[in-house]
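The entries follow in the order in which I took them.

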Amino acid sequence: MSLDHAATKPHDRLAAALSEEMEAVNLLIRERMASEHAPRIPEVTAHLVEAGGKRLRPMLTLASANLCGYEGPYHVHLAATVEFIHTATLLHDDVVDESAQRRGRPTANLLWDNTSSVLVGDYLFARSFQLMTETGSLDVLRILSNAAATIAEGEVLQLTAASNLTTSEAIYLQVVRGKTAALFSAAMEVGGVIAGRDAETVQALFDYGDALGVAFQIVDDLLDYQGTDATGKNIGDDFRERKLTLPVIRAVAAADAEERAFWVRTIEKGRQEEGDLQTALDLLAKHGTLESTRADALAWMERAKAALDPLPEHDIKDMLLDLADYVVARVR
């Protein structure tokens, strides 16, 4: 999800505040994505890593560590770890989704092949575990390895739930927590752990990342049906790809027999015709599911902000609060 077009850009302020540490993260990423024996690894990795993107997840780790007063070197390792895990999942996702473009550029699987993308993704996962162990913290290893497993589990769950009209809101939330929120929460949590903070503080950091990640994904799913050119989203991609997201799950739950037959044909069976997207939009409007989904995104944003209440006043804390507002700015 692009954040470029929202009204303010707190992630830019966060990036400026953490610029020296982010440069160290970028240097470590470039160093560790090298391979003496397989030059394709840095070629594929560099194509994605250096394509831009906000580096939001590693910034969350640096922000969390700074907020907790950490003064050692290992938050840089953990931020690089988080980015490697994220990049590995993107490489794998593009193969699974048969994507041709990411961040405005051709995907690695298109430029090279699916095999290269999968294997380089595996390499980055392995590199991420090497970086984790260098911190000497079993808690860090537990948190990030659990996150990696949860991400993979969420992606597999999405495969089975995506076009199944019996998919519930609980399953949807489980998918969102797997594919998006798990890495947000782990990125925040390890910053507190490496700083040696108490359990209450670490839980607050986790809760902020979890709620921020859920809000982030709900907004992305909502904008698929009500975005504009300014949002960077193409209207109806999820519908065309037969993905059951929260607005549709709620419309299916409220559907009469005729409406349910429409969803069975277009989502479950994939027999889509001219005008079906507009019909889908009309049904979402009829049942108010876009508005209720928007309300959920805003509620998760408020939950993220409330999670930071136990933490002391700090410039970084203010930026994280602004970031929560920013994630949902386009659907206010």
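**Entry 1: after α4.** I began at G69, which follows α4 and has a positive phi, near 75°. The model is a predicted one: local features need pLDDT of at least 70, side-chain atom pairs count only at pLDDT 80 or more, and totals for chains, interfaces and linings use all residues. Residues are numbered from 1 along each chain as its sequence is written, and side-chain values use heavy atoms, with hydrogens and water left out.

I took helices as DSSP runs (H or I, at least four residues), numbered from the N terminus.

**Entry 2: C68.** I looked up C68 in the loop between α4 and α5. Is C68 buried or exposed? C68 is buried, at a relative accessible area of 7%; buried means under 20%, exposed over 50%, and partly exposed in between, with a 1.4 Å probe and protein chains only. Apart from neighbours within four places in sequence, C68 contacts G192, A195, R197, T201 and L205, where contact means heavy atoms within 4.5 Å. G192 is 124 residues from C68 along the chain, yet their C-alpha atoms are separated by 6.0 Å.

**Entry 3: helix α4.** I then went through α4, residues 56-67. The helix has twelve residues and reaches 16 Å from its first C-alpha to its last, close to the 16 Å expected at 1.5 Å a residue. The expected span is 1.5 Å times one less than the number of residues. Eleven of the twelve residues are buried, so α4 is largely enclosed by the rest of the structure. Among the buried ones I noted R57, P58, M59 and L67. The buried residues of α4 pack against α1 (10-17), α2 (19-32), α5 (74-96), α9, α10 and α16 (315-327).

**Entry 4: aromatic rings.** I found three aromatic pairs in the structure. Rings of Phe, Tyr and Trp (its six-membered ring) pair if their centres lie within 6.5 Å; planes under 30 degrees apart count as stacked, over 60 as edge-to-face and the rest as tilted. The ring centres of F184 and F216 are 5.2 Å apart and the planes stand at 50°, so this pair is tilted. It links distant parts of the chain, with F184 in helix α9 (residues 169-194) and F216 in helix α10 (residues 199-226), 32 residues apart. F184 and F216 are both buried.

F262 and W263 make an edge-to-face pair, at 5.1 Å centre to centre and 70° between the planes. I noted both F262 and W263 as buried.

**Entry 5: charges over rings.** I counted a charge as over a ring if NZ of Lys or CZ of Arg is within 6 Å of the ring centre and within 35 degrees of the ring normal. R57 lies over the face of F216, at 5.9 Å from the ring centre. R303 lies over the face of W300, at 3.9 Å from the ring centre.

**Entry 6: T180.** I found T180 in helix α9. T180 is buried, with a relative accessible area of 6%. Which residues does T180 touch, not counting those up to four places away in sequence? T180 touches G213, F216 and Q217.

**Entry 7: helix α15.** I looked at α15, residues 289-307, which has 19 residues. The helix reaches 27 Å from first C-alpha to last, close to the 27 Å expected. W300 is one of its buried residues, which also include L290, L298 and M301. The buried residues of α15 pack against α9, α10, α12 (246-253), α14 (276-286) and α16.

**Entry 8: helix α8.** The buried residues of α8 include V140, I143, A147 and E155. They pack against α5, α7 (114-133) and α9.

**Entry 9: R242.** I found R242 in the loop between α11 (237-240) and α12. Its phi is near 65°, a positive value in a residue other than glycine. Most residues other than glycine have a negative phi. R242 counts as partly exposed, at 27% relative accessibility.

Key
Helices (H or I, at least four residues) and strands (E, at least two) are DSSP runs, numbered from the N terminus.
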